[in-house]
Each structure stands twice: as C-alpha cells, then as structure tokens.
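Reader: I would like a close look at one helix and the parts around it. Please keep it brisk.

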Amino acid sequence: MNKNIITGLISATLLLTASASVMADNQGQQISSNAYKMVLVEDVPGVDALQTGHVEEGLNATLAASKYTVDDYSRNVNLCAGYVQMSDMEKAQKACSAAVKSARSLVAVPSMSVRAYAYNNRGVMKLMNHDNLGALADFKRAAKVDNSSIYKHNLKRLEAALNTAQTGTL
C-alpha cells in the first residue's frame, strides 16, 4: 500500500458551489464549518495547490505525476475533490468512482478508512449532481467504516436537510 494512504490525510472543506473554498489550519486539521467536507491524500503532487484553492494548478500537477510516484487510488481521491471544486461533474464522477473501485481492492491496513475517504468524496460529488439518495448511501458507508467526525458531519448535515425538505419547513 502506498505511504500516502498510511500517513494520513489533509481534511479540506469544499463548499458546494462553483467557487468552493478550502479551509484548514497550518497542520492540515479540519476547521469547523457547516459545509460538506471532502478529504485529500497527503504527499500527492498538487495537494497543496488544491488545498489553497489553486485548483487548476493542483489538478495539472496531480495529472502530471508519474504512476511510479502516485498510486491510482490517491490520485483519484484528489482528482475527485478537485473536479468537484471546479464543478466539472463528468470528470469528478469518473475520478470518484475510480477511487471507490480502487479502495475496494486494497487489502492492507487501513483499508476500511481508505474506503471511507473514497465514499465520502463520492457522496459530495453526488450531492453536486442532485443525487441526494446516492450521497446519503455513500455518507452512510463512510460513517459505518470510519468513525471520523468528517463523515458524521456530512451524514448528519444531509439527513437534516432531507428531513427539513420532507417536512416542508425550508
């Protein structure tokens, strides 16, 4: 398994708008926000640019990275987040689905956490595509396999929004 996955991740907040913003402190820790949250894998070329809002630069660096330096899973997790941030939903769907497929095939520890990263990011992409039920299913999968506050936040936020819409109290 690639060192990038084992060493952890940088949590980033991406707002669900075309002009998404990234929020993290200098240690890469999550900053409280009501926005849906996505994750980026550390040590992947372009991650710093993606995290600081230079999305096109970050995507280009990630895409240009050699397959010898970045595994497909890490590349696709970060591409998923970047394309969602740019609202390029066709490319986001491909990258997010490829990340989930790669995560399912990883057998080394911490494979369950790895799956959560991929499901979480794909859930945010599905929200951007107005697939609330698909997003809900992915957020539930992420929260089930990893007890992280990021996944719980996204799940609770979406459940609250769906309940509010269902009761007509928007």
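Author: What follows starts with the whole chain and then goes in on helix H6 and its asparagine 120.

This is a predicted model, so local features need pLDDT of at least 70, side-chain atom pairs count only at pLDDT 80 or more, and totals for chains, interfaces and linings use all residues. Residues are numbered from 1 along each chain as its sequence is written, and side-chain values use heavy atoms, with hydrogens and water left out.

The protein chain has 8 helices and 2 strands. Helices (H or I, at least four residues) and strands (E, at least two) are DSSP runs, numbered from the N terminus. Along the sequence their pattern reads α-β-β-α-α-α-α-α-α-α. The chain has 170 residues, and 49% of them count as buried. Buried means under 20% relative accessible area, exposed over 50%, partly exposed in between (1.4 Å probe, protein chains only). The accessible surface comes to about 8400 Å². Carbon and sulfur atoms hold 52% of that surface. These areas come from the Shrake-Rupley method with a 1.4 Å probe; for residues, only the protein chains shown count as cover.

Now the helix. H6 covers residues 111-128 and holds asparagine 120. Asparagine 120 is buried, because its relative accessibility is 0%. Its side chain makes a polar contact of 2.7 Å with the side chain of asparagine 154. A polar contact is a pair of N or O atoms within 3.5 Å; within protein, one must be able to donate a hydrogen and the other to accept it, and residues adjacent in sequence count only if both atoms are side-chain atoms.

Which residues does asparagine 120 contact, leaving aside its neighbours within four places in sequence? They are Lys37, Met38, Val39, Phe139, Ala142, Ile150, Tyr151 and Asn154. Contact means heavy atoms within 4.5 Å. Across the protein chain, take the contacts with a separation of 6 or more: residues 24 or more positions apart account for 58% of them.

Leucine 127 also lies in H6. At 11% relative accessibility, leucine 127 counts as buried. Its C-alpha atom is separated by 9.1 Å from that of leucine 158.

The structure holds 1 aromatic pair. Its members are tyrosine 36 and phenylalanine 139, with ring centres 6.0 Å apart and planes at 15°, so the pair is stacked. Rings of Phe, Tyr and Trp (its six-membered ring) pair if their centres lie within 6.5 Å; planes under 30 degrees apart count as stacked, over 60 as edge-to-face and the rest as tilted. Tyrosine 36 lies in the loop between strand S1 (9-13) and strand S2 (37-41), and phenylalanine 139 in helix H7 (residues 132-145), so the pair ties together parts 103 residues apart in sequence. Both tyrosine 36 and phenylalanine 139 are buried.

Aspartate 43 lies in the loop between S2 and H2. It is not a glycine, yet has a positive phi of about 60°. Its relative accessibility is 47%, so aspartate 43 counts as partly exposed. Serine 87 is in the loop between H4 and helix H5 (89-105). Serine 87 also has a positive phi of about 60° without being a glycine. At 31% relative accessibility, serine 87 counts as partly exposed.
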